[in-house]
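Please look through the sequence and the model that follow, and keep them at hand while reading this report.

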Amino acid sequence: MAGPRPVAPSGDVHDLPPELFYEEVHSFEFWFQAVEGYLSGTTWGHRPDVAEAPLSDADRDRLVTALCNYCLGEMAALEGASGLIAIAPNRLAKVFLSTQVADEGRHLEVFHHRLRDLGVGDPEAEVARRASRSLLLFRRRLLELVAGKDWEAAIFAQNVILESLEFAVFRNHAQTADPVTAEVLRLVIKDERRHVGFGENELGRRLAVAPHIRARLGQTRKELDHLVFDTLAETARVLGVARDDEERLGRAYLESVERLGLGV
Amino acid sequence: MMQDPVETPAGSTPAEQPRQRYVLEDTGFDEVPQKYRKFYRKWGGPGDVLAPNEVLCPVCKVVIRSTRELRPGDRVYCMPCMSRLVVVRAADGTLEARVAY
C-alpha cells in the first residue's frame with residue numbers, strides 16, 4: 001500500500017518545503033487516498049441508504065434539465081482534461097490531469113445514473129435535447145483551444161472558468177436539492193476543489209514568469225464571458241435561484257479571475 | 001472548535017509574545033489523506049469565527065489550521081486545492097490568506 005508520506009520535522013504540514021508540497025498534492029497517491037476518504041462505501045455517487053424524496057412533476061423536470069447540463073459540462077471537462085495531458089508542460093501536471101480525467105469520468109457517470117434514477121430512459125438523447133446552447137458553444141471553444149495546443153488558454157477555459165462555474169452552481173444546488181442529488185453534488189464538489197485550485201495555481205505560476213500571456217488570456221476571457229454568464233443565467237432559471245444568489249455565483253468565478261489579474 | 005491551546009502566554013502584545021501552540025484534532029474533513037486531515041476543516045460561512053491558528057483559503061473556502069498561532073507573513077498550504085498562501089493582516093484587522101503562485 002502507501003509508502004511513507006512527506007513529513008516536516010515540526011510535524012506541521014505548513015512547514016513542508018514547497019517542492020515536496022507540490023510533488024505530494026499533484027500525485028496519484030494523494031488523489032487516491034483523498035477520494036478513498038469520501039467515496040468509499042458509495043454507489044453511483046451516494047451512500048446507498050440515502051432515501052429518495054418524492055418530487056413533483058415540475059420539480060423532476062427542472063432537475064432533469066439541470067442534470068442534463070451538468071452531464072454536458074462534465075463531458076466537456078472529461079474531453080478537455082484528457083486532451084490537455086498531451087500538452088501539459090511537466091510530469092506533475094500530467095499526473096494531476098490523469099486524476100482529473102478519472103474524476104470527470106465519475107461525475108459524468110453518476111449524473112447519467114441519476115437521470116436514469118429519475119426515469120430518463122435514454123440520458124444521452126435527453127442531454128442532446130435539453131443542452132444549453134451557450135454551454136455547447138463553450139465546449140466547442142474549449143476543445144478548439146485544446147486542439148490548438150494552447151495550454152494556458154485551455155487551462156484557463158477549463159480549470160478556471162468551467163470548473164469555477166460548476167463549483168459555484170453545484171454548491172448552491174446542493175443546498176436545495178433532494179437528498180440523493182444533494183449528496184451526489186456534495187461529493188462532486190470535493191473533487192472540484194482540486195480542479196479549480198490546479199487551474200488557478202498553474203496559471204498563476206505561468207503568469208508570474210511570462211506576464212505577456214496575460215493579454216491573450218484576457219482576450220480568451222472576453223470571448224468566453226458571455227457564454228459563462230448565459231449558462232449561469234439559464235441554470236439559475238432552471239434551479240429557481242434568486243437574482244442575488246445568481247450574482248453571488250457569478251462573483252465566485254470573477255474572484256478567481258481577479259486574483260490572476262485578468263479582470264477587465 | 002476542535003482545538004486545545006497548550007501554551008497561552010499573557011501580558012504582552014501578539015508581536016512580542018511567543019506563539020500559542022495548538023494540538024489539532026481531526027474535524028471530520030475528509031478531502032485529503034488521513035494524515036493531513038487535522039490541518040483543515042469545513043468553513044461554516046460568514047458567521048464562522050476563525051481561531052488565531054486558522055485562516056480561510058480564498059480559492060476553495062476551506063479553513064486551514066496550523067499547530068501554531070498564525071501571524072502576517074506566515075506561509076500556509078491548502079492541500080484540498082493545492083494552493084500556497086501567505087497570511088496577511090486585512091483592513092478590518094483580521095488575518096486573511098493571499099495566494100502565492
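In this predicted model, A:Gly204 has its place in helix α8 (residues 179-209) of chain A. Is A:Gly204 buried or exposed? With 20 other C-beta atoms within 10 Å, A:Gly204 is buried, because a residue counts as buried if 20 or more other C-beta atoms lie within 10 Å of its own. When its neighbours within four places in sequence are left aside, A:Gly204 is in contact with A:Leu260, and also with B:Val99 and B:Tyr101 of the other chain. The C-alpha atom of A:Gly204 is separated by 17 Å from that of A:Val25, a residue that stands 179 residues away along the chain.

**Chain A as a whole**

Chain A, to which A:Gly204 belongs, has ten helices and zero strands. Its radius of gyration is 19 Å, close to the 18 Å that the globule rule gives for 264 residues, so chain A is as compact as a globular protein of that length. Taken along the principal axes, the box filled by its C-alpha atoms is roughly 55 × 45 × 35 Å. Of the 264 residues, 43% count as buried, and among contacts between residues at least 6 apart in sequence, 77% join residues at least 24 apart.

**Two helix pairs around α6(A)**

Two packed helices are described by the angle between their axes and the distance between the axes. The table gives both values for two pairs that share helix α6 (residues 133-147) of chain A.

| Helix pair | Angle between axes | Distance between axes |
|---|---|---|
| α3(A) and α6(A) | about 5° | 10 Å |
| α6(A) and α7(A) | about 145° | 7 Å |

Helix α3 of chain A covers residues 57-87, and its angle with α6(A) is about 5°, which makes α3(A) roughly parallel to α6(A). Where these two helices meet, α3(A) brings residues including A:Leu72, A:Ala76 and A:Leu84, while α6(A) brings residues including A:Phe138, A:Arg139 and A:Leu142. By class, this contact has nine nonpolar, four polar and two charged residues.

Helix α7 of chain A covers residues 151-176. In its contact with α6(A), the residues A:Arg141, A:Leu142, A:Leu145 and A:Val146 of α6(A) meet A:Ala153, A:Ala154, A:Ala157, A:Gln158 and A:Leu162 of α7(A). These residues divide into seven nonpolar, one polar and one charged.

**A sheet in chain B**

In chain B, an open sheet of three strands has the order β3-β5-β4, with antiparallel pairing. Strands β3 (40-42) and β4 (54-56) stand at the edges, each with a single partner strand, so one side of each is left without a neighbour in the sheet. Direction ignored, neighbouring strands of this sheet are turned by 30° against each other on average. The pairing of β3(B) with strand β5 (residues 62-65) of chain B runs over three bridges, and B:Tyr40 has B:Ile64 in β5(B) as its bridge partner.

**Where the chains meet**

How many residues does each chain give to the contact between chain A and chain B? The contact takes 26 residues from chain A and 23 residues from chain B. On the side of chain B that touches chain A, β6 (75-78) and β7 (83-89) each supply at least two residues, and β6(B) gives the most, with three residues. By class, the residues on this side of chain B are 14 nonpolar, four polar and five charged.

Key
Residues are numbered from 1 along each chain as its sequence is written. Chains are lettered from A and ligands numbered from 1 in the order in which they are written. This is a predicted model: local features need pLDDT of at least 70, side-chain atom pairs count only at pLDDT 80 or more; totals for chains, interfaces and linings use all residues. Two residues are in contact if their C-beta atoms, placed from the backbone, lie within 7 Å. Helices (H or I, at least four residues) and strands (E, at least two) are DSSP runs, numbered from the N terminus. Ala, Val, Leu, Ile, Met, Phe, Trp, Tyr, Cys and Pro count as nonpolar, Asp, Glu, Lys and Arg as charged, and the others, Gly among them, as polar. Axes are lines fitted to C-alpha atoms, for helices over the stretch in contact, and angles run from 0 to 180 degrees between N-to-C directions. Angles under 35 degrees count as roughly parallel, over 145 as roughly antiparallel, 65 to 115 as roughly perpendicular and the rest as oblique. Two strands pair if DSSP finds at least two bridges between them. The radius of gyration is taken over C-alpha atoms; the globule rule is 2.2 Å times the number of residues to the power 0.38. A residue is buried if 20 or more other C-beta atoms lie within 10 Å of its own, exposed if 12 or fewer, and partly exposed in between; C-beta atoms are placed from the backbone.
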